[in-house]
Amino acid sequence: MSDFHLFVLVALLLTVISSFRLAGKWCHFLSHSQRMVMSMFSGTTIGLTVGLMASSILPGSFYTSSLLGFFGGATLAAVSAGKLGTVSLMEGLTAGLMGGMMGAMLGEMVSYTEAVIFLKLLITLSISSLLLYPVFFHASLQEDSIPSKKWLIKPFVIFLAALFFLLGGSLLDSAPASEHPTHQAH
């Protein structure tokens, strides 16, 4: 496992923990539709990330990477949606299960270099799923005005923090692409 894979794993675990905490804080203010969107979006992106990462760590071992994608994606997605309610937990679990399988299949079809690019995209989407909590919370308040001028700066600051975090993590993938085996023979 490379430093980049370790970074993706830590970022994924932090995303799941943050999602669990945000769900506990704001779940009472959200409608069923909003909970469903959050659990399915985060579950699918988490599952895709886990499956693709398993496949890029274990190239050529589709069975093992599929099992890791299934169980890892379903488990992490269920934990992230755990406080949204039983129905949302099941929606997140099945989305993580399906995403893990699709991520493992994607990892077997692309080269290592392409898998790293997909992992960067998917971890960005996973972290971005956390932004749904405040957006849906403020949408459910039925306010027509912006609470304060400081509220306008928050999305920009969060975007910059996520950008610097992800750019720092992408610097960890310093190994040349020729060192990693390609698994294009199907």
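Me: Let's start with histidine 5. Leaving aside neighbours within four places in sequence, what is it in contact with?
Reply: Histidine 5 is in contact with Met53, Ser56, Ile57, Tyr112 and Leu119, once neighbours within four places in sequence are left aside. Keep in mind that this is a predicted model.

Me: Is histidine 5 buried or exposed?
Reply: Buried, with a relative accessible area of 3%. The cut-off for buried is under 20%, so histidine 5 qualifies.

Me: And which helix does histidine 5 lie in?
Reply: Histidine 5 lies in helix 1.

Me: How far apart are histidine 5 and valine 116, in sequence and in space?
Reply: They are 111 residues apart in sequence, and their C-alpha atoms are 9.0 Å apart in space.

Me: OK, zooming out. How many helices and strands does the protein chain have?
Reply: Seven helices and zero strands. From the N terminus on, the elements run α-α-α-α-α-α-α.

Me: What share of the residues counts as buried?
Reply: 40% of the 186 residues in the protein chain.

Me: And of the contacts with a separation of 6 or more, what share comes from residues 24 or more positions apart?
Reply: Those account for 87% of them.

Me: Now the nonpolar side. How many residues are in the largest nonpolar core, and which have the most contacts inside it?
Reply: That core has 21 residues, and the ones with the most contacts inside it are Phe4, Val8, Leu12, Ile46, Leu76, Leu119 and Ile123.

Me: Which helices each supply at least two residues of this core?
Reply: Helix 1 (3–26), helix 2 (32–57) and helix 5 (112–128) each do. Helix 5 gives the most, with seven residues.

Me: Which residues are in the second, separate core?
Reply: That second core has twelve residues, including Trp26, Met38, Ala81 and Leu130.

Me: Back to leucine 76. What does it touch, not counting residues up to four places away?
Reply: Leucine 76 touches Leu12, Leu13, Val16, Ile46 and Val50 on that count.

Me: Helix 2 and helix 5 next. At what angle do they pack?
Reply: About 155 degrees, with their axes 9 Å apart. Helix 2 and helix 5 are therefore roughly antiparallel to each other. The crossing of helix 2 past helix 5 is left-handed.

Me: Which residues meet there?
Reply: From helix 2, Phe41, Thr45, Ile46, Leu48, Thr49, Leu52, Met53 and Ser56. From helix 5, they meet Tyr112, Ala115, Phe118, Leu119, Leu122, Ile123, Leu125, Ser126 and Ser128. By class, the contact of helix 2 with helix 5 divides into twelve nonpolar, five polar and no charged residues.

Me: Switching to helix 3 and helix 4. At what angle do they pack, and how far apart are the axes?
Reply: Helix 3 (residues 62–80) and helix 4 (residues 86–109) pack at about 150 degrees, with axes 7 Å apart. That makes helix 3 roughly antiparallel to helix 4. Helix 3 passes helix 4 in a right-handed crossing.

Me: Which residues do the meeting there?
Reply: On the helix 3 side, among them Ser65, Gly69, Gly73 and Ala77. On the helix 4 side, the residues include Gly92, Gly96, Gly100 and Ala104. By class, this contact of helix 3 with helix 4 has eleven nonpolar, seven polar and one charged residues.

Me: Last one, glycine 168. Where is it found?
Reply: Glycine 168 is found in helix 7 (residues 149–170). At 35% relative accessibility, glycine 168 counts as partly exposed.

Me: How far is its C-alpha atom from that of phenylalanine 7?
Reply: The two C-alpha atoms are separated by 9.4 Å, and glycine 168 and phenylalanine 7 are 161 residues apart along the chain.

Note on methods:
Residues numbered from 1 in each chain as written. Predicted model: local features only at pLDDT ≥ 70, side-chain atom pairs only at ≥ 80, totals over all residues. Heavy atoms only, no water. Core = buried A, V, L, I, M, F, W, Y, C linked by side-chain atoms within 4.5 Å. Buried < 20%, exposed > 50% of the residue type's maximum accessible area, 1.4 Å probe, protein only. Helix = DSSP H or I, 4+ residues; strand = E, 2+ residues; numbered from the N terminus. Contact = heavy atoms within 4.5 Å. Axes fitted to C-alpha atoms, helices over the stretch in contact; angles between N-to-C directions. Parallel < 35°, antiparallel > 145°, perpendicular 65-115°, else oblique. Left-handed = near helix turned anticlockwise from the far one by under 90°. Nonpolar A, V, L, I, M, F, W, Y, C, P; charged D, E, K, R; others polar.
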